[in-house]
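Please look over the sequence and the model below before reading on.

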Amino acid sequence: MSDQNVFPVDPAFAANAHIDNAKYEAMYEQSINDPEAFWGEQGKRIDWIKPYTRVKNTSFDPHNVSIKWYEDGTLNVSANCLDRHLATRGDQVAIIWEGDNPEEDEKITYRDLHERVCRFANALKAQGIQKGDVVTLYLPMIPEAAVAMLACTRIGAIHSIVFGGFSPEALASRIIGAKSKLVVTSNYSLRGGKQVPLKANVDAAIDDHGASACIERVIVVQRTTKDVAWHENRDVWCHEVCAAASADCPPEEMNAEDPLFILYTSGSTGQPKGLQHTTGGYLVYASMTHEYIFDYHEGDVYWCTADVGWVTGHSYIVYGPLANGATTLMFEGVPSYPDNSRFGRVIEKHKVNQFYTAPTAIRALMQQGEDVLGDSDLSSLKLLGSVGEPINPEAWTWYHRIFGKGKCPIVDTWWQTETGGIMIVPLPGATPTKPGSATRPFFGVQPALVDSEGNEIVGAGDGNLVITDSWPGQSRSIFGDHERFVQTYFSTFKGSYTTGDGARRDEDGYYWITGRVDDVINVSGHRMGTAEVESALVAHPAVAEAAVVGYPHDLKGQGIYVYVTLKAGYEQSDDLMKELRNWVRSEIGPIASPDLIQFSPGMPKTRSGKIMRRILRKIAEDDFSALGDTSTLADPSVVDDLIEHRLNRK
Ligand code: PRX
């Protein structure tokens, strides 16, 4: 290995692991050279009602992007996640739920979960939901979130989960975009001891932001005892409709390519897009990646700290683990409540074996010092995972030392909402790790680096990360806009899937993700389109123009840096700054809250009126030594003013 800082595979770990290096090499080679045979075999890890005879039928040709896996097979996802486990592990815990309050928890067996899902599925039917309808879930991290997801899959409804931190306006646009008839929410959510009014947000989305155009019903889970406003002709209590429903609900037979869910995510332009995932290939990929990457073994307790509102929660709290008959932990709270030792306490309490979290959480804990986890007993841990953004080597080694006591392999998992499952990652029994590198491709994944002209970079080098052939977990389309799907992902580098990320490949063939190459920023592992934040800002009466860029942030990875030009008649002030910050929070949600707002009399524009973001990015990074050529600007003096008043000074 070329690097000094290599963590070899522990031979004892490899001896018990599903995949060691020899297996990785052999399986990877087969997955690329004979994908039909490889995925044909892997498809058998899930149960099919009608087995498939065709495995792969995919094209990345921009004139005909078409992605189909197992296309003539039929199955049901909830039956795979529940029914098929009942005979052998009906009494095994499927979900350990750990509440926001450390005194509150619940263990739900596969048998209990099956019953709850069947009742919920019948309740959905009773509310008029049929196969193919879109159900929006706007829920906290409570068991009902998993129950509602699985209930949708049971009857062939498509779920669209909207993260509970999004504002009524953002929720409404996702409801309308998906033409959803029904929302499942809770009266409140609990985070760090505080109640967040989810139901009131749903009401506002419907009554004030246009979602009344499609929403007919709201199912409300009673999470706390606090009252909420009630609309007799629209709202029903979850516990009432489930109690009234039968516990017998035969699973709907779905085609492998029928939609399973929609998940909105941000892009570099326009409104968020509803990525569509389908049934068969997604489940095969989620199940396989979960088992091999986390080296999950029967009886292990696995914990992913993500929220089900993001793709990580879909694939690695619910579908992957439950398809594998695993025990998956679902955490309602935050790492800092009641104090910063919470992750450690939960690991100890439930004897967690695999722990999967985000670099931003690790960095926040790291700031609190070496003894942040107190005297928590972490000896149950066998493996650690990281996801959502590049993990800096300091955070990696701290995680390894403080959580892993130097003995747990770390899997740094690179993937995206679009990819459905993990794509570049070390396999813990096979791949020596280097802090900060996501290392090597998973089975069937063919990454490549290309320059801006699309020429492939061979050997070590830097470039745009693309994937040259399909894998089963891949998103099939953007809901209602296949053309946008083709344009966004398949037209820049013809014949390949464009990830939007840049990467470096080292002499050992290891990939180092360097971050987004488009106008998407990654704030605390949350993906955000700068265009969305800009359009929220220009909707404010005082704002004439806004430009948003990311800048390096110690805790969040990237922070949100906003440049604002005010309309005539408005004066810059601290109050206005506060108001704009609150405005963005209410338009999108707290995750989009600007970190720095710089008022600027003008923007650096080309003579044709295009804002030169490259310059804004550099100034936000406090690196204006290499601004490049500014002579083409309409008014170069703008740049001097921007530099003089810059807010991020190192
Ligand atoms: O830039 C990459 C970053 O997160 C983006 C995907 O965001 P999202 O669709 O919200 O999915 C997040 C969870 C899978 C990617 O384009 N990213 C994700 N994981 C990593 C990462 N960057 C570096 N290393 C990772 N492990």
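A crossing of two helices is called left-handed if the near helix is turned anticlockwise from the far one by less than a right angle, and right-handed if it is turned clockwise. With that in mind, and remembering that this is a predicted model, one can turn to helices α5 and α6, whose crossing is right-handed. Helix α5 covers residues 110–126 and helix α6 covers residues 143–155, and the two pack at an angle of about 65 degrees with their axes 8 Å apart. From α5 the contact draws on Arg116, Val117, Phe120, Ala121, Leu124 and Lys125, while α6 contributes Val147, Ala148, Leu150, Ala151, Arg154 and Ile155. Sorted by class, the residues of this contact are nine nonpolar and three charged, with no polar residue among them.

The ligand has 23 residues around it, of which Pro390, Gln416, Thr417, Ile513 and Arg527 come nearest. Two or more residues of this shell are supplied by each of the elements α11 (311–323), β20 (410–413), β25 (497–505) and β26 (511–516). The shell is made up of eight nonpolar, 10 polar and five charged residues.

An unreviewed UniProt entry lists a "binding site" whose residues include Pro390, Trp414, Gln416, Thr417, Arg516 and Arg527. Another annotation from UniProt, again in an unreviewed entry, is "modified residue: N6-acetyllysine", and it covers Lys610.

| Residue | C-beta neighbours inside 10 Å | Class |
|---|---|---|
| Trp414 | 28 neighbours | buried |
| Arg516 | 19 neighbours | partly exposed |
| Lys610 | 11 neighbours | exposed |

Why does Trp414 count as buried? A residue is buried if 20 or more other C-beta atoms lie within 10 Å of its own, and Trp414 counts as buried because it has 28 such neighbours. Trp414 lies in the loop between β20 and β21 (447–450), and, leaving aside neighbours within four places in sequence, it is in contact with Met423, Ile424, Val425, Ala438 and Ile513.

Arg516, by contrast, is placed in strand β26, and, when residues up to four places away in sequence are not counted, Arg516 touches Gly500, Asp501, Ile521 and Asn522. Lys610 is found in the loop between β31 (596–599) and α18 (613–620); since a residue is exposed if 12 or fewer other C-beta atoms lie within 10 Å of its own, the 11 neighbours of Lys610 make it count as exposed.

Conventions
Residues numbered from 1 in each chain as written. Predicted model: local features only at pLDDT ≥ 70, side-chain atom pairs only at ≥ 80, totals over all residues. Near = placed C-beta within 6 Å. Helix = DSSP H or I, 4+ residues; strand = E, 2+ residues; numbered from the N terminus. Nonpolar A, V, L, I, M, F, W, Y, C, P; charged D, E, K, R; others polar. UniProt positions renumbered as here; feature names shortened; annotations may be inferred. Axes fitted to C-alpha atoms, helices over the stretch in contact; angles between N-to-C directions. Contact = placed C-beta atoms within 7 Å.
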